[in-house]
Amino acid sequence: MTTQASSPVSGPARGGDVLLRVEDLVKHFPVKSSQLVHRGPRDYVHAVDGVSLEIRKGETLGLVGETGCGKSTLARCVARLYDITSGRIEFEGIDITRLPASKMRPLRREMQMIFQDPYGSLNPRRRVGSIIGDPFAIHRTASGADRKRRVQHLMELVGLNPEHYNRFPAEFSGGQRQRIGVARALAFSPKLIICDEPVSALDVSIQAQIINLLADLQSELGLTYIFIAHDLSVVRHVSDRVAVMYLGKITEQAPVEQMWAHPRHPYTDALLSAVPVPDPASLDRRERIILVGDVPSPINPPSGCRFHPRCPKAQQKCVDEVPEFIPRLGDEAAHLTACHFPVADGEDISKARPAISADLRVVESSIPEGSLTGISGGDGP
Amino acid sequence: MSYNVGDAVAVSTIEEAPIAVVAEGEAAKKIEGRSPWVLAWRRLRRDRAAMIALGVIGLIVLMALFAPAIAAVLGHGVYQQFRGTNPAGLTPLGQPVGPSSTFWMGTDDQGRDIFVRIAYGARISLFVGVVATAVTVAGGLVLGLAAGYFGGIVDSLIARFFDWLLAVPFLLLAISLISVVTVHPIGPLRPGLPVVIVVLGFFGWAAVGRIVRGQVLSIREREYIEAARALGARPWRIMFIDIAPNLLAQLIVYSTLLIPVTIVGEASLSFLGVGILPPTADWGEMISTSQNYYLYGSWWYLVFPSLALLITTLAFNIFGDGVRDAFDPRGDLFV
């Protein structure tokens, strides 16, 4: 699947020029061998395997997928925390794929990250004022009283009491800590903020606060977000466009309402059918699509379409051919799907049965003998 | 967004409430976070054994600092030999004299005042103990941080270096080193204080370095290290500003327990005649020389320097145990 950034023509309501372009990004992690001296070819975890994305200024791109599908790896590759295996990342027209750390440093002001764990992402031994002031210290832009003034301004901006400047992270609640993380990311009013599951670790009531804070800041400061989550309702609320990931590949990408109205990929359909609905009447009309099996090992991903071992609509073509990432069934250009047999509007796939032998489906998730393989199952959305 | 601010304020009011009731109004504003250090210090202060040990250490430090004053008050210089009759520092047979009102701890084989020499010896012991420990911890910290943070080839090289350090028979090498430094190409150096400090400091690197490396391996995977990298922090900044403070508690505990080991190490080298050389007053050297005179009844020559060494190392060990308990996160949180 090397769809070279087939750019959506009709952009979303918000958004202008392309801020970030990711082309065919690949990230493989070598698997540590248990043998003292390694023989034979090395195994690799195919964490991200050919992802192309475009993010426009001012929009929010939601990235959803099960645990272990490569969302966070993708985010860390974009932020250049990992060196990528192959592909190309372009930020504001600058190729940052292989930019050395020293050249990358000024760009980091423009591209920030908010982390999932509000407990783990703040250094427990440092005071909040010094944590939020870190960007100023690292880039040597403000010091002393000036830095303190700017840090307190940031604390106010995210709804923290500036008098708590000298406290330690342990003295704050989870939601307040996440605000600290947001304040740190905002230090230089960056253009792009990568939110790696920023609300997954928080209580539902606090989630709403943080999401609203992020939305307010976006309209105030004109921020662009990559918003990673496995909670579909959260993603629907914040995103302009949504990309669904499965086993290191993007399976479907569409403007958010398009995605919910016309899910084309069977995987998307299954995910959406699992979202709880508050209206019991509509629940009756809906069929939940239960996927069989577990997510296969990313060390030895299935051939063809990666979803075929679990897909209710799978056929021989899905095993043999990698589906192209293109608009299907007459969708608009911004709605891309990687599926040979996309789901038509109104089609119920909960009763569909795959047209390939069960044998084939098992082979794909076999584990090499004598190896230690981690199998990660998703919690489901 | 106003409700967000309100929320933060509301939460903080609840947190401060119990204290605010006691402190009333204005004072409540000054309430500041209790750092782990403050908590540790409060726990330490309640540890009676540790506080007594700290008092003893304080007395020894005072004795070392004011050693010249002690000598002046008693009128006995540290190198002054009382071979005459008034006061008599040696018996007519040339043996040391026992404790008396003139010589509180008796005299040594040269007719010198042992009490004054013990006071001066404390200077050497404490100085070597503290400085060599500092050298050990600093070297171990830098190497351990580099090994743990950079990993790969750097880690392998440093790990092999540590293996080599641990494989070397320390005492044998120390003894031979003292002879080696006196000649070309290292020397000519006079064996003594600097060589002792370097030898004692250098061979501790592996132990500290391994502790640090292990900690760094786990700390560098934390999200706040990733956050620092995402902000564009340079490796040295991450190592010393983000990682090192998380190691400090352990290093302090390790250091307080390492000081007595180093003091004994220095005394051992001097005892073997390869550390501090006479006529400088040193506990190890005194214990060594005293053996020849103990046989003829001069027990004070052996006992008092040994007691000084025992009390000093015991005090540091008890204090170090207290520090370790104080930093233990399982200790009382509210003190």
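Which way does α6(B) cross α7(B), left-handed or right-handed? The crossing is left-handed, where left-handed says that the near helix is turned anticlockwise from the far one by less than a right angle, and right-handed that it is turned clockwise. This is a predicted model, where local features need pLDDT of at least 70, side-chain atom pairs count only at pLDDT 80 or more, and totals for chains, interfaces and linings use all residues. Residues are numbered from 1 along each chain as its sequence is written, while chains are lettered from A and ligands numbered from 1 in the order in which they are written. Helices (H or I, at least four residues) and strands (E, at least two) are DSSP runs, numbered from the N terminus.

**Chain B overall**

- Chain B comes with 14 helices and 0 strands.
- Of its 335 residues, 39% count as buried; buried is 20 or more other C-beta atoms within 10 Å of a residue's own, exposed is 12 or fewer, partly exposed is in between, and the C-beta atoms are placed from the backbone.
- Take the contacts in chain B with a separation of 6 or more: 68% of them come from residues 24 or more positions apart. Two residues are in contact if their C-beta atoms, placed from the backbone, lie within 7 Å.

**The α6/α7 pair in chain B**

- Helix α6 (residues 114–150) and helix α7 (residues 152–167) of chain B pack at about 140 degrees, and their axes are 7 Å apart. Axes are lines fitted to C-alpha atoms, for helices over the stretch in contact, and angles run from 0 to 180 degrees between N-to-C directions.
- On the α6(B) side you'll find B:Leu143, B:Ala146, B:Ala147 and B:Phe150, and these meet B:Gly152, B:Val154, B:Asp155, B:Ile158 and B:Ala159 of α7(B).
- Sorted by class, that contact has 7 nonpolar, 1 polar and 1 charged residues. Ala, Val, Leu, Ile, Met, Phe, Trp, Tyr, Cys and Pro count as nonpolar, Asp, Glu, Lys and Arg as charged, and the others, Gly among them, as polar.

**Where the chains meet**

- Chain B puts 26 residues into the contact and chain A puts in 31.
- On the chain B side, the elements giving two or more residues are α1 (2–23), α11 (223–230) and α12 (235–271).
- That side of chain B splits into 12 nonpolar, 6 polar and 8 charged residues.
- α11(B) is mostly covered, with 8 of its 8 residues buried; B:Tyr224, B:Ile225 and B:Arg229 are among them.
- The buried residues of α11(B) pack against α2 (101–108), β6 (111–114) and α4 (134–138) of chain A, together with α10 (205–219) and α12 of chain B.
- Just after α11(B), B:Gly232 takes a positive phi of about 95 degrees.

**The open sheet in chain A**

- Here 4 strands form an open sheet in the order β2-β1-β4-β5, with antiparallel pairing; strands pair if DSSP finds at least two bridges between them.
- β2 (44–56) and β5 (94–95) stand at the edges with a single partner strand each, so one side of each is left without a neighbour in the sheet.
- Strand β1 (residues 18–30) and β2(A) are joined by 10 bridges in the antiparallel sense, and A:Leu20 has A:Ile55 in β2(A) as its bridge partner.
- Helix α1 (residues 71–78) of chain A packs on the sheet, touching β1, β2 and β4 (86–91), and its direction makes about 115 degrees with that of β1(A).

**Around β10 of chain A**

- Strand β10 (residues 249–255) is mostly covered: 7 of its 7 residues are buried.
- Strand β9 (residues 241–246) runs antiparallel to β10(A), joined to it by 6 bridges, and A:Ala243 has A:Gln253 as its bridge partner.
- The β9(A)/β10(A) hairpin has 2 residues between the strands, and A:Leu247 takes a positive phi near 50 degrees there.
- β10(A) also pairs with strand β12 (residues 336–338) over 2 bridges, again antiparallel; A:Glu252 stands opposite A:Thr337 in β12(A).

**Domains of chain A**

- The domain assignment gives domain 1 (14–31 + 45–246) and domain 2 (263–369); such bounds come from an automatic or database domain assignment.
- The C-alpha centres of the two domains of chain A lie 30 Å apart.
- Their contact takes 10 residues from domain 1 and 12 residues from domain 2.
- On the domain 1 side, β2(A) gives the most, with 3 residues.
- That side of domain 1 divides into 6 nonpolar, 3 polar and 1 charged residues.
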